[in-house]
Amino acid sequence: MSANVLLVGSGGREHAIAWALSKSSRVGTIFVAPGNGGTETLGPKVKNVALDAGVNFEGLVSFALANSVQLVVPGPEQPLVDGIQAAFKRVGIPCFGPSKEAARLEGSKAFSKDFMKKHRIPTAAYEVFTDFNKAKSYVESFSGDLVIKASGLAAGKGVLLPETKKEAVEGLSSIMVDSVFGQAGNEVVIEERLTGEEVSVLAFTDGYTVVPMPAAQDHKRAFDGDKGPNTGGMGAYAPAPIFTPELAAEVKRTVLLPTVDGMRRDGHPFVGVLYAGLMLTPSGPKVLEFNARFGDPETQVVLPLLDESSDLFEIMLAAAETRLDSVNVIFKPAAAATVVLAAKGYPGTYQKGQEITLTSPTDFRIGVTIFHAGTSLRDGKLCTSGGRVLAVTAVASDLKEALSIANAQVPLIKFDGAQYRKDIGHRAMTWISKQKQSGATYAQAGVDIDAGNLLVEKIKPLVKATRRTGTDAELGGFGGLFDLKAAGYSDPVLVSGTDGVGTKLMIAQAVNKHDTIGIDLVAMSVNDVIVQGAEPLFFLDYYATSKLEVDVARDVVAGIAAGCSDAGCALVGGETAEMPGIYKPGDYDLAGFVVGAVDRSEVLPKLDTIVENDVLIGLSSSGVHSNGFSLVRHVISRANLDYNSPCPFTPPKPGQTLGEALLTPTRIYVRQLLPAIRKGLIKAMAHITGGGFPENIPRVLPDNFNVTVDASKWPLPPMFRWVKHAGSIADAELARTFNCGIGMVLVVSPDNVKEVSQLLKEAGEEVYEIGRITKRGGNSERVELVGTETAWA
């Protein structure tokens, strides 16, 4: 049985949608409200209807009910932002479009930017203002080029690109004081101006599944050479050659999927077409804006590429019914280009009512389609009724041919004052030409030297901030230098350590939070060095990935630098390795290497001084630190949770998700311990890492001594209590896998406990007396853990 569709809108986008829907054998009648001259003459399946939508779309709803409409497709953004989806949901008619709440991705630039920040979707740095004077002060103090955006819908005109501070302040005043965009300018977003190529990526989604369409590039400027005022778009082409399969995979992973998943987790599933306007910056793709619907003129090149085996009606209905994965969405291995004919004077004032003459349809090439935007029928004659009038779209085997055909067909359309660009696709053709001329490059093989150089520039100030006596922490040399004499050492022993962060990396990558994992890397190494009495002096890192994502790597290094500053050691260098084919896209691995020094007489442990009844002092951990995450991940899976789930235990910071809580960085104990070490008050120390108490404490004991550890002497942190119960983990297994709330254990003479505890507390440490040294007898356990039955119950 055929289904009727109500398509809302009147532009070229709506003509292209109606054209594609009319191909479906499942579609009966497509009602277009109000439509244009193109939809009116599209064929027997398509009918324009003049409807009064009503305040709450009641006119459209009444019509749909009376005409057995089974799918509603809103074309433009305004009905979506106004809540058209809910109006039809109330009467049980599926709507291919997001809810009013989800449409805020387009309807409010402030909401969109805050959403991206929350879900760590790459975008430009920004601030939001509702007060003109505060916004003006921010603009005047801003360093670099900026963009000013009216937060609300402004018919595509609410974005300013000032070239000077004076222009910026004047533009800001026009938006916020003069209200040139009405209420849309009551709130503004001011952001850094990104550089690079712009690309539009549209995707079908049902709130779960995401199916990207071929990426498109449009031409906003009115005249050839990208000159003149901005328009709604004077032409477009797809697929964009610059948007390589590798970039497509990266954008799906870093932008499209996190956006759809984030909207769903926030309680507003996004259904319909998600349009991501991207800038391909030197440090990777970043979102300029989101739209909540098909673009115009992008639709006129994307939908003609939909393969005949794919039915647009079935795709839209499946998305609206949350079953997009049940239908085929296939695009042709071809290219499409469209050239827009506009009225004289567009985008300024222009005349309407000019008669349009189309040469006989037989004169147009096969594969060419004329999509109407600003047209209407008057007394049987086709006339102009808008700024952008028509779009000539051609589909061919490659982009060069598609552009050639489209440009050749444009002159066959006549109306007084017609204006159009003759250079649509010039950026793509230039890019293709350069690729042919350049030959094979290292970047094409997956290793981008330019990205590596950009990363170095971004991290130089971070690295420089870690300098200390003995080194200048400057990057660029073949090796890092350290002057031990300048650091005050006369007879030192060097102590080295190396480590990674284990599968905690998988959580950082899953949550897309990379700014603290570097602290873990430093902590795992410097804590191993300090237990031997050594002051960490310098650190090096190793970062390996499939493809260098500059901003991700910069965040990792920022964490490493923060860890080095905390530990008092200099970050003197590192290695960044791109290894395509070894790691999956988005994955990276880390390793760290530290060198410390200790005067020969102060090396720990002092095994010959340890005696029975020496006291064990425990220093609290911040959480799991960096060991045992394989078991943690297993328990999370058993509990049917994911890293975006609300935290099932009291998190370190209110409101954290499970993943955020687990990424709490490993504590660094260096600065707190050095005063007591230098006073000779500590006999031995054990860093509680993998293996827990049973494996780590014996490493610093003489063979003739054991220890007793009393679990009742410190509180078991909520995270460990949850993982124990959720995973039904035995106490002994918990103790040999995790730190259980104690990250460092000190062996101290009873006479020195008070002084050591006081020094540590002054440094902000939580200090616990957790046990004693005991004599070893027979085959007894080296670590006797008591009190868990009640303390860990």
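Among contacts in the chain (heavy atoms within 4.5 Å) between residues at least 6 apart in sequence, 76% join residues at least 24 apart. The model is a predicted one, in which local features need pLDDT of at least 70, side-chain atom pairs count only at pLDDT 80 or more, and totals for chains, interfaces and linings use all residues. Residues are numbered from 1 along each chain as its sequence is written, and side-chain values use heavy atoms, with hydrogens and water left out.

The secondary structure consists of 26 helices and 33 strands. Helices (H or I, at least four residues) and strands (E, at least two) are DSSP runs, numbered from the N terminus. Along the principal axes, the C-alpha atoms fill a box of roughly 105 × 55 × 50 Å. Of the 793 residues in the chain, 54% are buried. Buried means under 20% relative accessible area, exposed over 50%, and partly exposed in between, with a 1.4 Å probe and protein chains only.

Strand E20 (residues 375-378) and strand E21 (residues 381-384) run antiparallel and are joined by 4 bridges; two strands pair if DSSP finds at least two bridges between them. Thr375 stands opposite Thr384 in E21. The hairpin of E20 and E21 has 2 residues between the strands, and Asp379 takes a positive phi near 55° there.

Ser108 lies in the loop between helix H6 (104-107) and helix H7 (109-118). Ser108 counts as buried because its relative accessible area is 16%. Not counting residues up to four places away in sequence, Ser108 touches Ser151 and Glu187. With Ser151 there is also a polar contact, side chain to side chain, at 3.4 Å. A polar contact is a pair of N or O atoms within 3.5 Å; within protein, one must be able to donate a hydrogen and the other to accept it, and residues adjacent in sequence count only if both atoms are side-chain atoms.

Gly771 belongs to strand E32 (residues 767-775). Its relative accessibility is 14%, so Gly771 is buried as well. Leaving aside neighbours within four places in sequence, Gly771 is in contact with Asp614, Val615, Leu616, Thr708 and Val709.

Rolling a probe the size of a water molecule over the atoms shows where empty space is left. On a 1 Å grid over the protein atoms alone, a cavity is a set of points where a 1.4 Å probe fits but cannot get out, and a pocket is an open set with protein on both sides within 12 Å along at least five of seven lines; lining residues have an atom within 4 Å of a point. Grid points are joined across faces, edges and corners, and a volume is the space filled by probe spheres set on the points.

The count comes to 1 cavity of 30 Å³ or more, and the largest cavity holds about 40 Å³. Among the residues that line the largest cavity are Val73, Pro74, Gly272 and Val273. Strand E4 (69-74) and strand E15 (272-281) each supply at least two residues of this lining.

The second largest pocket has a volume of about 1,200 Å³. Of its 42 lining residues, the closest to the centre are Thr244, Leu247, Ala443, Asp448 and Lys547. Helix H10 (245-265) is one of the elements that give two or more residues to this lining, and H10 provides the largest share, 5 residues.
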